[in-house]
Amino acid sequence: MNLDIVLLLAQDGLTNGAIYALLALALVMVFAVTRVIFVPQGEFVAFGALTLASLQANKFPGTLWLLLAAGLICFFLDWRYQRRLGEGLVRRIRWPFLWQLLFPIALVLAFWFMQASSFKLSSLPLFAQLLLTLMVVVPLGPMIYRLAFQPMAQAPVLVLLIVSVAVHLVLVGIGLVFFGAEGSRTPPFSEGTFGFAGVPVNAQTLWVLGTSLLLMIGLGLFFEKSLFGKALRATAINQTGARLMGIAPVFAGRLVFLLAALIGTYSGMLIGPITTIYYDTGFLIGLKGFVGAIVAGLASYPLAVGGALLVGLLEAYASFWASSFKEVIVFSLIIPVLLWRSLRHQGLHDDE
Amino acid sequence: MMTNNSLGEQPESLTPAKGKAGAGSLSLSWSKTVVVIVLLLIWVFAPWVLPAYYLTMANHIGMVALVALGLVLMTGVAGLTSFGQAAFVGLGAYVSAVLSTKFGLSPWFGLLAVIFMTLALAFALGAITLRLSGHYLPLGTIAWGLSLYFIFGNMEFLGGHTGLSSIPPIEIFGISFKSASSIYYLIWIVLFVAMLLTDNLLHSREGRAIRALKGGVVVAESMGVNTARSKMIVFLLAAVYAGISGWIYAHYQRFVNPSPFSLHIGIEYLFMAVLGGAAQVWGALLGAGVVTLLKEWLQDLLPRLMGASGNFESIVFGLFLVLLLQHSPKGIWPHAERLYRRIIAASRSASPESRSSGLDTRAAGVITRFPAGLGHSNWPVSTLPKRAHQLSADAGYLLRAQGVEKRFGGLIANQAISLELRQAEILALIGPNGAGKSTLFDLLTGVQTLDAGEIFFCGQAIHGQTARHIAKLGLCRSFQHVRLLPEMSVLENIALGAHLRGTQGPLRAALHLERLEERELMREAAEQARRVGLADVLHLPAGSLALGQQRTLEIARALAADPLALLLDEPAAGLRFGEKQQLADLLRALRADGIGVLLVEHDMAFVMGLADRVVVMEHGVVIAQGEPAKIQQDPRVIEAYLGVDLE
């Protein structure tokens with residue numbers, strides 16, 4: 001193993017690590033605000049990459065049907081809830097839940113119109129394709145919160161975890177139905193390689209590192225500066241307290257799931273040109289984000305990023321030394337972490 | 001030294017509730033017997049009448065039910081979860097497969113190796129995750145399940161993804177369990193034995209400790225339960241069940257490959273446990289049966305319906321699981337039980353006398369079982385060992401705190417707190433809300449660690465000791481917000497308090513070799529119930545009691561530990577006047593028995609009429625202590641309570 005290979009592997013590791021870091025951040029964020037361990041995060045990665053791939057193949061993305069169905073059910077449930085509150089017909093129709101009906105319908109119509117007018121989606125600029133993919137996949141986040149988690153927001157962490165795994169099962173199954181068993185690889189955001197310290201660096205690598213850094217800074221600013229971000233932080237620290245200050249837990253939950261879906265989908269589109277994505281690849285990618293998040297005890301954002309980068313590097317070098325055992329090696333990373341946490345653990349604390 | 005008739009009440013009401021049912025319970029048990037006999041006959045003759053396909057199905061259900069049983073114990077009873085049970089099944093299958101194909105060893109030797117290996121690996125996995133918050137174990141099992149699956153698939157030695165074949169069948173005394181009909185009996189006998197052992201375990205001292213885990217570790221540890229150990233017992237048992245299931249699987253199928261041991265299947269096992277009804281051993285069988293049949297049916301039906309192939313059944317399972325947890329988190333067992341009851345009731349509605357079934361504890365979901373000999377005819381004093389109540393070496397002080405300090409970030413909850421509790425004394429701790437009284441209780445009982453200061457109990461330093469250790473010394477407590485196990489009976493809740501007075505371990509409990517001790521524990525619990533005036537409600541679920549009774553129950557639970565000192569956190573809150581009088585009488589009786597009582601209370605009339613001395617706290621510091629009459633005149637106390645500036 002010479003220096004070139006070391007650097008090349010480091011580049012691979014950091015690229016994947018940056019994506020794991022984004023996912024780890026989202027996982028820590030969702031857990032802090034809702035106590036949900038968001039296992040289906042990985043499915044957003046797969047849905048993002050595969051939806052983009054179907055756009056580029058001029059196919060109607062299956063996720064759009066999912067969005068329509070989920071939106072209809074959410075709308076129905078919210079509408080029924082408003083009716084139970086005794087609201088009149090006009091006041092029952094409100095934006096916070098009306099969009100769940102109108103937005104998917106508008107998207108379906110737009111896609112249908114484009115296909116009818118034989119407009120090639122693949123001829124759109126990449127930026128527009130990315131935006132379109134985000135529009136299709138990201139709204140699924142708050143909808144999943146509405147359907148699966150909101151009705152049992154006060155349940156113990158363990159029950160929420162089981163629900164989370166069940167949702168993962170559903171989404172993987174749906175992914176297979178919509179995208180089939182074949183994998184897809186999307187073209188890189190821009191072609192070309194650069195030399196850096198004598199090692200060729202792919203343009204996509206720069207995209208990954210650059211935009212994930214931007215996204216992290218953006219998230220940081222959002223949480224530090226914006227009112228919504230502060231509301232989420234308040235909810236994470238003390239839900240009851242935040243509620244007394246007028247921050248509805250439902251709102252916080254939907255917002256944080258929206259952010260998580262955004263991060264997941266974008267990560268999927270970033271990683272699409274680097275590895276072939278199958279309907280079930282997202283789970284493994286998400287789990288590696290998890291390992292990063294567990295390193296951070298599901299609590300610290302900087303530690304989660306560090307842990308995820310470590311996972312990426314470990315994976316890159318493991319795939320060079322013992323490629324068939326790289327997953328085992330990566331998942332074994334949590335053993336020393338858990339051991340260390342276990343030894344440090346003191347006092348008696350009841351689980352929530 | 002403790003007199004056992006301190007309240008002088010006659011034990012007439014110690015009749016198990018089921019005794020009141022009279023003729024009704026007789027006919028119920030008669031119909032139950034019929035049901036059991038019919039089921040037994042069906043079970044014995046099933047291999048002769050079932051078509052091959054259904055026999056295979058029955059075998060499969062038996063094998064997965066064994067795994068689900070372990071998960072019921074974990075998820076439903078102990079509040080733990082594992083997604084990695086399939087990996088333990090795989091471990092069992094592969095260990096025995098390798099030993100019998102590569103080394104030509106007997107499957108029975110394989111079984112021993114399987115048990116050893118699953119225990120060892122589960123112990124290692126448990127040791128690093130069980131002390132952490134509840135979600136680390138399931139996350140750990142996801143990683144472990146995935147890793148083992150990759151190892152199975154990638155090891156040349158294990159045959160890679162094609163697996164190992166020509167595994168010998170299990171044989172004993174010349175009988176070979178080769179055919180589906182012969183292994184049927186092996187599988188189901190193993191399953192029934194496991195269910196029996198599990199059920200025995202749950203209805204023992206160790207079982208109560210395991211069931212107490214659901215109420216949180218703080219209460220359980222304060223009762224002297226080693227919660228890490230109880231969790232470990234459950235996890236090990238579940239792993240061994242899974243390993244044995246894998247062992248049977250390997251020698252029944254005669255070949256193994258990695259696919260039945262994936263994480264996906266691990267999730268399915270959990271689904272079975274949750275679906276069946278996670279608090280019942282029978283729930284495992286129900287869940288395993290329903291899920292296996294449903295999966296078979298869905299795999300057949302859905303692809304035809306959708307016109308394509310795919311994992312459609314996992315979509316249905318996932319949706320079903322979400323809806324189930326949202327709408328019926330206790331699974332379908334309670335529904336099945338209700339249906340059974342309705343059928344029984346309908347079949348007996350002709351006879352009117354059978355309707356007076358009295359207090360039906362089972363309907364409320366309580367699993368109680370009483371060792372023989374707990375009728376009202378024999379109300380003997382329990383023979384459990386009692387603590388020697390000699391005068392403590394510490395100058396007559398039971399409990400002595402010096403300069404205790406506790407900070408939460410910038411907030412000083414307790415600062416330089418010093419107080420003493422003597423034998424046969426009632427010491428009241430009063431102060432406005434937020435004065436730091438409950439924090440002090442947590443520090444004294446080892447629930448939280450103090451930042452500075454010293455605490456002695458009977459002359460022994462107990463600062464820095466665990467809650468369990470402190471409970472063992474005889475310092476027992478109640479909680480400000482009642483912390484009972486609402487689904488367990490009053491008697492069982494009290495018996496939990498006597499946990500440290502028993503010694504029998506889980507193995508003897510599973511084999512019911514500890515019945516003698518169990519009876520003594522139950523007698524002691526009944527005795528304490530009578531002492532505090534709860535003898536009428538022994539068999540009701542604790543959650544069904546009124547708040548006042550629940551508070552009294554907490555005192556009885558602490559008394560069952562045979563304490564030297566009692567720490568009671570607002571025992572009179574929410575009690576009516578009459579109940580407060582009774583409580584005061586009880587506390588005086590305890591004092592007469594030599595117990596030192598430290599109580600936090602807000603009701604001044606109650607405190608001043610009862611306590612020997614009073615300690616007043618405000619803003620984390622002691623502002624006054626002394627006799628009640630003096631405290632009532634103390635200007636600083638008046639200021640603290642009334643906000644009057646006297647200057």
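**Notes on the predicted two-chain model**

1. Helices (H or I, at least four residues) and strands (E, at least two) are DSSP runs numbered from the N terminus. H9(A) covers residues 203-225, and its 23 residues at 1.5 Å each should span 33 Å, which agrees with the 32 Å between its end C-alpha atoms; the expected span is 1.5 Å times one less than the number of residues.

2. Some housekeeping: this is a predicted model, in which local features need pLDDT of at least 70, side-chain atom pairs count only at pLDDT 80 or more, and totals for chains, interfaces and linings use all residues. Residues are numbered from 1 along each chain as its sequence is written, while chains are lettered from A and ligands numbered from 1 in the order in which they are written.

3. On to the interface: 40 residues of chain A are in contact with 44 residues of chain B, a contact being two C-beta atoms, placed from the backbone, within 7 Å. On the chain B side, at least two residues each come from helices H4 (107-129), H5 (136-154), H8 (217-222), H10 (263-276) and H12 (312-327). That side of chain B has 25 nonpolar, 17 polar and 2 charged residues; Ala, Val, Leu, Ile, Met, Phe, Trp, Tyr, Cys and Pro count as nonpolar, Asp, Glu, Lys and Arg as charged, and the others, Gly among them, as polar.

4. Chain B overall has 23 helices and 12 strands. Of its 647 residues, 51% count as buried. Among contacts in chain B with a separation of 6 or more, 76% join residues 24 or more positions apart.

5. Do look at helix H3 (residues 85-101) of chain B, whose axis comes within 9 Å of that of H5(B) and crosses it at roughly 35°. Axes are lines fitted to C-alpha atoms, for helices over the stretch in contact, and angles run from 0 to 180 degrees between N-to-C directions. In this contact, B:Ala86, B:Ala87, B:Gly90, B:Leu91 and B:Tyr94 of H3(B) meet B:Trp144, B:Gly145, B:Leu148, B:Tyr149 and B:Phe152 of H5(B). By class, the residues involved are 8 nonpolar, 2 polar and no charged.

6. One open sheet of chain B has 4 strands in the order E4-E3-E6-E7, paired antiparallel; strands pair if DSSP finds at least two bridges between them. Its edges are E4 (411-422) and E7 (460-461). Strand E6 (residues 452-457) is joined to E7(B) by 2 bridges, and B:Phe457 has B:Gln460 as its bridge partner. Helix H14 (residues 437-444) lies across E3 (397-408), E4 and E6 of chain B, at about 115° to E3(B).

7. The other sheet to check is open and mixed, with 6 strands in the order E8-E9-E10-E5-E11-E12 of chain B. Its edge strands are E8 (475-477) and E12 (621-626). Strand E11 (residues 613-618) pairs with E12(B) in the antiparallel sense over 5 bridges, and B:Glu618 stands opposite B:Val621. Helix H23 (residues 635-642) packs on the sheet, touching E11 and E12 of chain B.

Methods:
A residue is buried if 20 or more other C-beta atoms lie within 10 Å of its own, exposed if 12 or fewer, and partly exposed in between; C-beta atoms are placed from the backbone.
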